[in-house]
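Here's a quick briefing to read alongside the model. Have a look at the structure first, then go through the notes below.

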Amino acid sequence: MEIICPKEKCTGCSACMNVCPKGAISMIEHEPLGHIYPVIDNTKCIDCHLCEKTCPVNSPVSLQKPLDAYAAISRDYDDLMSSSSGGAASVFSHVIVEHGGVVYGCVQQNYKNIRHERIERKEELYKLKGSKYVQSNIGYVYSDVKRDLKNGKLVLFTGTPCQIAGLRSYLKKEYENLYTIDLVCHGVPSQKLLREEVNYMLGTDTTEAYVHFRRKGKPLARMFGLFLSNCSKVDKKKELFLYNDYITAFMDGLIFRKNCYSCPYAQGSRCSDITVSDYWGIGKTTVKTDCGISLILQNTAKATSLIEMSRQYLHIEKRTVEEAIAGNGQLIAAFEEPAYRTSFIEDYQAIGRRAFKKHLKSYKKNWIRCHLKKRSLFSKMRSLIRKIPFNYNIYKTLKNK
Ligand SMILES: Cc1cc2nc3c(=O)[nH]c(=O)nc-3n(C[C@H](O)[C@H](O)[C@H](O)COP(=O)(O)OP(=O)(O)OC[C@H]3O[C@@H](n4cnc5c(N)ncnc54)[C@H](O)[C@@H]3O)c2cc1C
Ligand code: SF4
Ligand code: SF4
Ligand code: SF4
């Protein structure tokens, strides 16, 4: 067996590795950007083609149109503040463990080792919290999920849509005791790039530091950046978006896997029971916070029970599916590949991380220009002027009186 699916379409979901009866497949980092792809050891392969048949690129999973949309935040203030968005994923995980189930999701051993793990104790649920803006290593967790399902355990699996598709393809059939939650996702950088960035920030290579990608609090309600923490050797360090190359390149969409730019899951129809994301573009709402609101899309009838069980922990409000989709670009189309990505990759091979400075310059300039414009004196004056007809009407009425 040589090729499981075309490389430019491979999501790195690891379903092939999990299904291989001979353990002949390993997920290996590929140069130059370090994204992982399956590599077959032909001395072990028996040409059974199971990997090829299981791959969701070759046999796509079914997608469902959302039945309902909700805006929600966790009622627990600490939970809300320690979640990237409104804390919906965290509440669902809590409810599953409370009902004796297990949760599979992305945890961080340290900044070099971000992977999917099985959590069954309430005290360990904090490990799942927060978006890790990098591709999580699936390892062999799909086989662990199958074992739990067969043993009758209640299971919640959370991940990017391509990971949900990978799991469903691997399982081959529906399980009543399985809930899946996907995140709206615009793409993933590799762990290699993250490792290099953090090593650069620390000036050393260690296994003791942790990295976080979003913070809530002062001076801004919500911030993107790389925030490092460590108990012993290194002081807390942070670099905010626009100062940090990794997170800026992530926001610019420069360093995603090649297949992310044609992601089949970036659309209104979804591959999981529930989709969660940031609620962008929400209209008038009673869900009040400046610390992030979760969007919850209910995609299957089965998800009703999980949403009902979670209501007591959420401040939740029904919205329309149309509003939810219109506000989030990745519920409409895949992220567009920046025109300069190919030349960035060439430069990255030649001069390493200095290529970021060169290629992010115009993105940073445009971003700053765009945001300064929004906050400029001119735009404030304009919004004041817009109010004038109303004032003028009052003036006219008063004058007539
Ligand atoms: C790579 C990536 C890209 C994203 N892109 C967008 C976007 O374009 N638009 C948008 O609205 N939202 C996006 N999100 C989702 C958003 O950042 C929040 O994760 C989501 O709103 C859930 O937040 P929460 O407060 O409910 O839960 P949180 O507690 O913040 O989220 C934790 C949950 O996310 C899972 N998770 C965290 N990191 C990863 C990872 N690397 N891979 C797989 N699962 C992970 C965990 O298993 C856990 O269940 C993205 C998330 C990731 C990881
Ligand atoms: S063909 Fe069969 S044995 Fe060979 S890599 Fe694929 S799953 Fe493994
Ligand atoms: S199963 Fe997943 S990792 Fe394997 S080839 Fe297909 S897309 Fe790539
Ligand atoms: S953009 Fe699509 S393919 Fe890329 S990580 Fe996200 S879900 Fe997977």
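This is a predicted model: local features need pLDDT of at least 70, side-chain atom pairs count only at pLDDT 80 or more; totals for chains, interfaces and linings use all residues.

The shell around ligand 1 splits into eleven nonpolar, 18 polar and three charged residues. Residues are numbered from 1 along each chain as its sequence is written, while chains are lettered from A and ligands numbered from 1 in the order in which they are written.

**Ligand shells**
- Around ligand 1 there are 32 residues, with Ser83, Ser84, Ser85, Gly105 and Ser277 the closest; "around" takes a C-beta atom, placed from the backbone, within 6 Å of the molecule.
- Helix 4, strand 4 (102-110), strand 6 (155-159) and strand 11 (274-278) are the elements that give two or more residues to that shell.
- Ligand 3 has 13 residues around it, and Ile4, Cys10, Cys13, Cys16 and Cys55 come nearest.

**Overall build**
- The protein has 14 helices and 13 strands, which are DSSP runs numbered from the N terminus (helices H or I, at least four residues; strands E, at least two).
- Along its principal axes, the C-alpha trace spans about 95 × 55 × 45 Å.
- Buried residues make up 40% of the 401; buried takes 20 or more other C-beta atoms within 10 Å of the residue's own, exposed 12 or fewer, and partly exposed is in between, with C-beta atoms placed from the backbone.

**Domains**
- There are three: domain 1 (7-54), domain 2 (63-338) and domain 3 (356-401), with bounds from an automatic or database domain assignment.
- The centres of domain 1 and domain 2, taken over C-alpha atoms, sit 25 Å apart.
- Their contact takes 16 residues from domain 1 and 19 residues from domain 2, where contact asks for C-beta atoms, placed from the backbone, within 7 Å.
- On the domain 1 side, helix 1 (residues 15-19) gives the most, with three residues.

**Nonpolar core**
- In the largest nonpolar core, 98 residues in all, Cys16 and Phe92 touch the most other members; such a core is a set of buried Ala, Val, Leu, Ile, Met, Phe, Trp, Tyr and Cys residues joined through C-beta atoms within 7 Å.
- Helix 4 (residues 88-98) gives the most to this core, with six residues.
- Domain 1 and domain 2 each supply at least three residues to this core.
- Leaving out residues up to four places away in sequence, Phe92 touches Leu156, Ile181, Leu306 and Ser310.

**Backbone spots to check**
- Glu31 and Pro32 are joined by a cis peptide bond, with omega about 0°, and Pro32 is in the loop between strand 1 (25-29) and strand 2 (36-40).
- Ser14 has a positive phi, near 75°, though it isn't glycine; Ser14 counts as buried because 25 C-beta neighbours lie inside 10 Å.
- His49, also not a glycine, has phi near 65°, and His49 counts as exposed because there are 11 C-beta neighbours inside 10 Å.

Notes. Two residues are in contact if their C-beta atoms, placed from the backbone, lie within 7 Å. Ala, Val, Leu, Ile, Met, Phe, Trp, Tyr, Cys and Pro count as nonpolar, Asp, Glu, Lys and Arg as charged, and the others, Gly among them, as polar.
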